[in-house]
Amino acid sequence: MSEKNEVLMFKGLPLVRKDNVVYYGSMEDDYILQMQILETTDLSDLKLATKVSVQLQRTAPDLRPKDRIVKKGEYEGFYSALEVGSIWLDRYLKK
């Protein structure tokens, strides 16, 4: 990425990381996916996510944080978490 303002995209939606939390989706939509990296392991000079908590959340600002959670689960590995989460998000955005 050449500029700092560019955003990584996955299946046409933005993927943004802040510390150990990754957000997938657009805040303009009704739902967004939040993935929190709970455990990592070292592989050479990389840290790989081994346990990831996934939450499908509503983006409505008038809801309490607890009431925003629609679905949640815990998965082994970041790829598994992102694949399952992207299916959830896709299904709810089509409703």
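Leaving aside residues up to four places away in sequence, T50 touches E39, T40, T41, Y75, E76 and G77, where a contact means heavy atoms within 4.5 Å. This is a predicted model, in which local features need pLDDT of at least 70 and side-chain atom pairs count only at pLDDT 80 or more, while totals for chains, interfaces and linings use all residues. Residues are numbered from 1 along each chain as its sequence is written, and side-chain values use heavy atoms, with hydrogens and water left out.

Let's stay with T50 for a moment. Its place is in strand β5, residues 46-58; helices (H or I, at least four residues) and strands (E, at least two) are DSSP runs, numbered from the N terminus. One of the contacts of T50 is T40, ten residues away along the chain, and the C-alpha atoms of the two are separated by 5.1 Å. T50 counts as partly exposed because its relative accessibility is 23%; buried means under 20% relative accessible area, exposed over 50%, and partly exposed in between (1.4 Å probe, protein chains only).

Now follow the chain to the loop between β4 (31-43) and β5, where S44 lies. S44 is not a glycine, yet it has a positive phi of about 55 degrees. That deserves a second look, because most residues other than glycine have a negative phi. S44 has a relative accessible area of 75%, so it is exposed.

K11 is exposed, because its relative accessible area is 55%.
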